[in-house]
Amino acid sequence: MGYLLLSNRIYSAESIFQNIWLIILIATLLIIGFIVFTWLRQRKVDADIDININTARIYYLDLAHNRITFFNRNAIKKRKSGNLDYFFSQFHPSERERIRKWLNQLLDENATPSSFIEADVIIKKNRDPKASFFSLLEVLSINKKEKRIYLESYLLRFLSPRIKSGKRVTNLFITEKRATEIYSHLKDNKKGTTMIVRFYKMSPRQKRNLRFERLLVANLKNRIIPFLGGNRLLVNYGDLELGIFDFKSSGGKSVFLPLARSIANDLARFLDVNGYHELYSFSIGIVDNSAFNKLPSIVKQAREMAIIAEEKEEDIVYFDANSNSDEFQLDKTFTKDLMTLIKEKKITIYYRAIVDAKTKSPLGYFSSVQPYNSIFNNFTELKEYALKNKLDQELFQMIAKNIIPRFFNQRDGDNLTLFLPVIVSDYQSIIKILPQVNHSRDVPITLLFEEEDIALEVDKTTDVIANFSDYNNKGYHTALVINDAQLMLPSELYQMFDYFVVGGDFTANIDSDERARMILNGTLGKLVRYEKPVIVCDLENWTDIELVVRSGIRLISSEEIGSNDEMVLPIDKKKMLRLDSLSK
């Protein structure tokens, strides 16, 4: 047996070997302990992120004393305090000065800052370093004398970083026309399921909060993203309605009911923890694609299932072709509700200004229609079911008689244009009924069409062009709301219009999301070739307005300049002066 003499002590080779294994064992246990500790800590971080995404946070800023108090809306008693440095440290260094400037403007008597701001935030120890988050800060109240500001904050994920490829994002979010094309290519192999998710106001006369509605839709999209893939695609129908299409999966109810339940649980939690469950709710309708031969019929049926869910105060209703008693009852309900709506004029009319940044004057006003005390959720549904029940001309006449005379009486100038929302099937009403409406000949009228509505008639291009020629002969101008960044119509159809309108998803987050700016700029670049004025709308803050105006766009519409209101409100002179400074 061999021995080693070290520091006057004798060690056997066997004892040294045993000590080495003991050291290895201790090191292994330490490594495993470190991994478990790191994993548990990361789970807590991930859980904290999820809580912050689903919960509104309230900030009380005392700028005079350099103090801050904050708490989550669903845990008011768990308040924390600190100085303002802690508040600013949550944001990306490049954003901090912009937020300081915004807070100072909120306290400035002569400034007119936006009531909310979006800013990139830092998520420490986040598992995915590529994941990007931003905070939406909105003013609750201000005490300018004592320099106190109350803010509400939402933590949101940017959609683009969650999908590694920008191309993949484009493929997941499709237009109604593209969905119809995909479905038609399936021929007789109609697999998969279609889902319509529909939001609705809990109070019938509740005034629309457009900013909050956009936040709802943004959060809904955020939660759907993980469920989308090669088979599942998303269509934004606007007016708080989204469609989820799966054209390939088998399984029907067994596949889509768990998906619908997962989405419903997330949405219910979001509404509940933020205290919005008394303002808005939602319903989901599901239909197998094999139940009908045309996609519009499938979408219509899924929408009706969502309405049945609303009527039954349920979250989800699945269409059963073998049990259609609800469907027949719903048709009767629709017809009765539509006739009551027309007779009692149960609609709310809104107007929002369009201004020319170069001339510092309003061009005109968008008008929009919102049903109340009705099963119908929006203008599109009204038109669709009025056409089905041959009440489209009666509905058109009622809407026109409410929109036009009020605009005539409240407008601030004879040259202001009224942008009147219409659909392709309104041709007879526009030609025969519109000229008979009181003051219709005294107001410059621009007929406002949706690109996706025109796309559904693309196989009748010659007839559509002939109709637009008749509109011009009657003295009407026309405008087209762009729905697809790829411009889905034939070139000759775009040539017909006098204005293009770009807004909605095109102008969301353009101040903070480079990809969103690229999509907007790309769409505007494609429209330039037609040499027609472009109106950019739904700009959420002055930063967005500045970006668009400095890019060369003259005509804009934003809640920051002229709010959506039941009256035709004049433009605040301070806001026009501020707009003028941006165009120089």
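These are my notebook entries on a predicted model of one protein chain.

**Ground rules**

I number residues from 1 along each chain as its sequence is written, and I work with heavy atoms for side-chain values, leaving out hydrogens and water. Because the model is predicted, local features need pLDDT of at least 70 and side-chain atom pairs count only at pLDDT 80 or more, while totals for chains, interfaces and linings use all residues.

**Whole chain**

I began with the secondary structure. The chain has 19 helices and 21 strands. Helices (H or I, at least four residues) and strands (E, at least two) are DSSP runs, numbered from the N terminus.

Next I looked up burial. Of the 584 residues, 50% count as buried. Buried means under 20% relative accessible area, exposed over 50%, and partly exposed in between, with a 1.4 Å probe and protein chains only.

I then checked the surface. The accessible surface comes to about 29,000 Å², and carbon and sulfur atoms hold 51% of it. The areas come from the Shrake-Rupley method with a 1.4 Å probe; for residues, only the protein chains shown count as cover.

I also looked at contacts (heavy atoms within 4.5 Å). Among contacts with a separation of 6 or more, 68% join residues 24 or more positions apart.

**Cores and helix H12**

I looked for nonpolar cores. Such a core is a set of buried Ala, Val, Leu, Ile, Met, Phe, Trp, Tyr and Cys residues joined through side-chain atoms within 4.5 Å. The largest has 84 residues, and Leu 434, Leu 447, Phe 449 and Ile 556 touch the most other members. Helix H12 gives the largest share of this core, eight residues. Apart from it lies another core of 55 residues, including Leu 234 and Phe 282. In soluble globular proteins, nonpolar side chains tend to be buried together.

I followed Leu 434 further. Leaving out residues up to four places away in sequence, Leu 434 touches Phe 396, Ala 400, Ile 404, Leu 420, Ser 429, Ser 440, Ile 445, Leu 447 and Tyr 476. Phe 396, Ala 400 and Ile 404 are also among the buried residues of H12.

I tested the length of H12. The helix covers residues 392-410, and at 1.5 Å a residue its 19 residues should span 27 Å. The expected span is 1.5 Å times one less than the number of residues. The end C-alpha atoms are 27 Å apart, which agrees.

**Thr 478**

I moved to strand S18 (residues 477-481), where Thr 478 is found. Leaving out residues up to four places away in sequence, its contacts include Leu 447, Phe 449, Tyr 471 and Phe 497. I also noted Phe 500, 22 residues apart from Thr 478 along the chain, with 8.9 Å between their C-alpha atoms.

**The five-strand sheet**

I traced an open sheet with mixed pairing, in the order S10-S11-S9-S12-S13. Strands pair if DSSP finds at least two bridges between them. S10 (232-236) and S13 (316-318) are the edge strands, each pairing on one side only. Neighbouring strands are turned by 15° against each other on average, direction ignored.

I stopped at S9 (residues 193-201), where nine of nine residues are buried. Thr 193, Met 195, Val 197, Phe 199 and Lys 201 point one way, and Thr 194, Ile 196, Arg 198 and Tyr 200 the other. S9 runs antiparallel to S11 (residues 241-246), with six bridges. Thr 193 stands opposite Asp 246 there, and Thr 194 has Phe 245 as its bridge partner. S9 is also antiparallel to S12 (residues 280-288), over nine bridges. Lys 201 is paired with Tyr 280 in S12.

Helix H9 (residues 295-311) lies across S9, S11, S12 and S13, at about 135° to S12. Axes are lines fitted to C-alpha atoms, for helices over the stretch in contact, and angles run from 0 to 180 degrees between N-to-C directions.

I looked up S4 (residues 67-72) next. Five of its six residues are buried. S3 (residues 57-62) pairs with S4 in the antiparallel sense over six bridges, with Tyr 60 opposite Thr 69. Four residues lie between the two strands of this hairpin, and Asn 66 takes a positive phi near 55°. Four bridges join S4 to S5 (residues 80-83), also antiparallel. Phe 70 stands opposite Lys 80 in S5.

**Glu 152**

My last stop was Glu 152, in strand S8 (residues 148-157). Glu 152 is buried, with a relative accessible area of 5%. Leaving out residues up to four places away in sequence, Glu 152 touches Arg 57, Arg 73 and Tyr 276, among others.
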